[in-house]
Amino acid sequence: MSRRLLTETLAGAKRAGRAALITYLPAGFPTVDGGIAALRATLDAGADIVEVGLPHSDPVLDGPVIQAADDLALRGGVRIAGVLRTVREVHAATGKPVLVMSYWNPVSRYGVERFARELAEAGGSGCVLPDLPLAESATWRRHAAAHELATVFVVAPSSTDAQLAETAAAGTGFVYAAALMGVTGTRASVDEAAAVLVRRLRAVTGLPVCVGMGIADAGQAAEVAGFADGVIVGSALVETLLGAGDRAALERLTEQLAAGVRGA
């Protein structure tokens with residue numbers, strides 16, 4: 001049921017004539033309990049799907065905002081057990097799809113089969129693995145399939161058409177299209193490369209295409225929702241929680257993003 005829930009949620013949004021809103025926050029930020037409450041708050045405020053970040057000491061694809069949140073979570077003692085607890089409690093409380101977004105090293109060190117099995121047991125729908133090379137992904141994909149988990153790969157505007165086709169064919173759930181080159185973080189506007197990348201992906205795959213990186217507000221969310229199947233927002237939410245330090249501000253931003261996505 002795990003991957004199916006993700007697929008059905010994306011299909012339901014499409015039937016409703018809109019994109020899905022996917023929110024991201026690291027587990028353990030600001031604490032494990034606080035992170036669970038924050039993720040639940042975004043789902044209650046209008047998000048369709050959440051990504052739970054597995055904090056890493058060297059998040060090379062993430063900008064300073066998510067790096068700061070990861071550092072707080074790690075200094076607070078979060079471990080993979082806390083990440084899986086976050087998945088379990090958020091899914092149990094909301095019934096909505098919960099993904100883990102992780103660099104490959106922690107998964108590999110924990111044990112690929114063990115991580116896939118425990119993620120599925122926690123109710124997770126799949127995993128986004130931004131730095132796992134496609135050529136080295138067979139072991140993960142085998143165990144993910146055995147436990148009915150989605151494997152979501154990240155593609156960039158620099159990818160060739162052949163690379164896009166090969167990556168999309170190997171993935172399940174959806175394709176994560178990076179809206180820009182570089183690291184995560186909010187931007188003043190949506191790069192036109194995002195729409196071009198979505199068009200290129202739709203020429204080679206029937207999977208939903210969800211766009212993330214750089215989306216900061218409701219206007220940008222609405223713009224991306226006009227050409228993508230899903231809108232992924234992370235840094236803006238993390239920055240809000242870092243700055244305001246309360247769930248009310250997080251809920252307000254999520255409500256605005258949800259309104260933007262639904263009004264596109």
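This is a predicted model: local features need pLDDT of at least 70, side-chain atom pairs count only at pLDDT 80 or more; totals for chains, interfaces and linings use all residues.

User: What covers the buried residues of α11?

Analyst: The cover includes β1 (20-26), α2 (32-44), α3 (64-75), β9 (230-233) and α12 (247-263). The buried residues of α11 are S235, A236, L237, V238, T240 and L241.

User: Why is the contact of R262 and D48 called a salt bridge?

Analyst: The N to O distance between their side chains is 3.6 Å, and the cut-off is within 4 Å, so the pair qualifies.

User: Are R262 and D48 buried, exposed or partly exposed, and on what grounds?

Analyst: D48 has 10% relative accessibility; buried means under 20%, so D48 is buried. R262, at 39%, falls between 20% and 50% and is therefore partly exposed.

User: What makes R114 and E118 a salt bridge?

Analyst: Their closest N and O atoms are 3.3 Å apart, which is within 4 Å, so the label applies. Both lie in helix α6 (residues 112-121), four residues apart, or about one helical turn.

User: How do you know that E118 is buried?

Analyst: Its relative accessibility is 17%, and the cut-off is under 20%, so E118 counts as buried. R114, at 37%, counts as partly exposed.

Note on methods: Residues are numbered from 1 along each chain as its sequence is written. Side-chain values use heavy atoms; hydrogens and water are left out. Buried means under 20% relative accessible area, exposed over 50%, partly exposed in between (1.4 Å probe, protein chains only). Helices (H or I, at least four residues) and strands (E, at least two) are DSSP runs, numbered from the N terminus. Contact means heavy atoms within 4.5 Å.
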